[in-house]
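Reader: I would like a close look at a single part of this model, with the pieces described in relation to one another. Please take me through it carefully.

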Amino acid sequence: MSKPLIQTLALSLALGVPAAVLGILVSPVIGLSVFCAVLALQLIGFLRNFSRLEAWTRNPLPETTPEGGGIWDEVFSRLHRHEKELRVAIARRDFDLQQVAAAGQAMVDGIVTLDADSRISWCNRVAEQQLGLDLRSDRFQPIANLVRQPAFINYLATGDFSKPLRLSSMRGDERVLSLFVLPYSGQERLLQIQDVTQSERLDQTRRDFVANVSHELRTPLTILSGFLETVRELELDPVDQEHYFDLMAEQSVRMSRIVQDLLALSTLESAPPPSGGERVHMTPLLEKLHRDAQALSAGRHSISLEMDTGDLFGAESELASAFGNLISNAVRYTPPGGEIVIAWKRQGSSAEFSVTDNGIGIDAKHIPRLTERFYRADTGRSRETGGTGLGLAIVKHALSRHQARLEITSTPGEGSRFSTVFPPTRVAA
Ligand code: ADP
């Protein structure tokens, strides 16, 4: 029995003593009446405290805990303490939950938690976007009712989550998602959704690239081995033999050009970006490129050079390769008698390099893809003129390393203009 209870009982008994004395000395009726009156007073006190307690339990705030005497004081102060501790514990738990939710929202991947019946308990905003969910309305809904792709429904149903599931995005775009299911805390499951569009695209590009390189090298190799066979097996006169050797040399030059361009591309991709420090003197560079163009054209075109003053900061070899590719394309895709203008112009604090020709031109549908490796608008002419299909890919890389962009305008049958504007940070006065 607790101490306050003993004290309360002792007080009741102590109050009974005078009543008993009165009962013995005066009259038993008076003694009993006094005892009943004392008990009634105690009962009223109890009822008053009880009603305070009852009123408080309707909104049990620690700061409004009632006060009372005797045993009630002990009861109220314990309730006060308990309520305070409870509130601290709830606040701490709420804080922890908020932290966990905030961490879930901060994740790059989509996260969905599922209960034992695969109903959505929670998901972050990334998952809402990836799966087209809305947590406010979809909470506690079975996920299979919302993500209705058969592959996903089967995956959930089989319960074999050893491998992730590849899924296309629910938003009707071309995103590719990879889903992992991780069981936790008994029957609950966590769905982790990664957007693998980028790596999927890279894989595809890599596969296409390997297939293209193999194809590009196989063709001259097949021709070369065919000629070798011919030279070895047939008794050819020296003139024919010479002719076959020339054809073989042509194919080996073609292969070595492809390998050279591939190496140039891979160097551009792996080398650190050119520093802004090296000054590239444009006048001698452009004059050399002009002479090279005239040598390549061998008098078949009229090639002019228009130059403003001003140099560039960057890697000379990369810029020479980019400009040289644009110029040699103009020569190769412009029929004899055509005109080519190489221009270097200041545009305020920026500067533009351009090559304009009145050659065969390019159909608009090809233009967005011209800088892809091995993409050709005119395959026959490209091969005939010794093209590798890699020139504009090299140009694009080299220019982007100098913060410049390639712009192409062209009209079939009328000619093309390839231009690139260098930002003020790359231009030297
Ligand atoms: P290629 O080695 O085949 O010339 P490029 O990457 O340099 O490869 O160019 C890609 C394609 O763009 C070419 O195959 C050609 O069809 C087209 N092209 C490039 N420059 C010109 C131009 N000045 N005029 C017409 N077509 C061009």
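This is a predicted model: local features need pLDDT of at least 70, side-chain atom pairs count only at pLDDT 80 or more; totals for chains, interfaces and linings use all residues.

Author: Strand 7 and strand 9, the latter spanning residues 339-347, run parallel and are joined by six bridges. Both strands belong to an open sheet of five strands, ordered 7-9-10-12-11, in which the pairing is mixed. Strand 7 (302-307) and strand 11 (405-411) are the edge strands, and because each has a single partner strand, one side of each is left without a neighbour in the sheet. On average, and with direction ignored, neighbouring strands of this sheet are turned by 10° against each other. Helix 10, residues 282-297, packs on the sheet and touches strand 7, strand 9 and strand 10 (350-357), while its direction makes about 175° with that of strand 7.

The largest nonpolar core has 44 residues, of which Leu 312, Phe 323, Phe 353 and Phe 422 touch the most other members. Among the elements that each supply at least two residues of this core are helix 9 (238-270), helix 10, strand 9, strand 10 and strand 12 (415-422), but helix 11 gives the most, with seven residues. At least three residues of this core come from each of domain 3 (199-270) and domain 4 (279-428).

Phe 353 deserves a separate word: leaving aside neighbours within four places in sequence, its contacts include Leu 286, Phe 323, Leu 326, Ile 342, Trp 344, Phe 418 and Phe 422. A second core, separate and made of 23 residues, includes Cys 123, Ala 127, Leu 131 and Phe 161.

Notes. Residues are numbered from 1 along each chain as its sequence is written. Side-chain values use heavy atoms; hydrogens and water are left out. Two strands pair if DSSP finds at least two bridges between them. Helices (H or I, at least four residues) and strands (E, at least two) are DSSP runs, numbered from the N terminus. Axes are lines fitted to C-alpha atoms, for helices over the stretch in contact, and angles run from 0 to 180 degrees between N-to-C directions. Contact means heavy atoms within 4.5 Å. A nonpolar core is a set of buried Ala, Val, Leu, Ile, Met, Phe, Trp, Tyr and Cys residues joined through side-chain atoms within 4.5 Å. Buried means under 20% relative accessible area, exposed over 50%, partly exposed in between (1.4 Å probe, protein chains only). Domain bounds come from an automatic or database domain assignment.
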